[in-house]
Amino acid sequence: MKRRNMILATLASTSVLCAMALAQAVPMPYVNIDRHRHGNLAAAQDDIVQAFGRIIDAQRANDGQLGGHAQRAKELLSEANEELRLAADVANEHQDEYQPPQ
């Protein structure tokens, strides 16, 4: 009985740790804006991708001992990347709505 409880406790702990790791996973930003339509927004996305990579490098160099601030910065960069995508989508809608007079 004790062995069974120990196994169940170990499985529960492992499940909690895995869930926490997945919850902290931040999607890697990438450039998904057309450079020909929105050059500045695409360039901003590129800067975000580079900054995200530098933070990963810093986390590795410091063995992840950055007080959670680097992780938070990655979350904010990922959010900013998504906001730029949304801005480009809105601009696309407005450009598509506007038909120059012929």
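Predicted model: local features only at pLDDT ≥ 70, side-chain atom pairs only at ≥ 80, totals over all residues.

Guide: Residues are numbered from 1 along each chain as its sequence is written, and side-chain values use heavy atoms, with hydrogens and water left out.

Visitor: How many salt bridges does the structure hold?

Guide: A salt bridge is a side-chain nitrogen of Lys or Arg within 4 Å of a carboxyl oxygen of Asp or Glu. By that criterion, the number in the structure is three.

Visitor: Which residue meets arginine 60 in a salt bridge?

Guide: Helices are DSSP runs (H or I, at least four residues) numbered from the N terminus. The N to O distance is 3.9 Å, and the partner is aspartate 57.

Visitor: Is arginine 85 buried or exposed?

Guide: Buried means under 20% relative accessible area, exposed over 50%, and partly exposed in between (1.4 Å probe, protein chains only). Arginine 85 has a relative accessible area of 16%, so the class is buried.

Visitor: How many Å apart are the closest N and O atoms of aspartate 89 and arginine 85?

Guide: Both residues lie in helix 3, four residues apart, about one turn of the helix. Aspartate 89 is partly exposed at 29% relative accessible area. In the salt bridge of aspartate 89 with arginine 85, the separation of the closest N and O atoms is 2.5 Å.

Conventions: Helix = DSSP H or I, 4+ residues; strand = E, 2+ residues; numbered from the N terminus.
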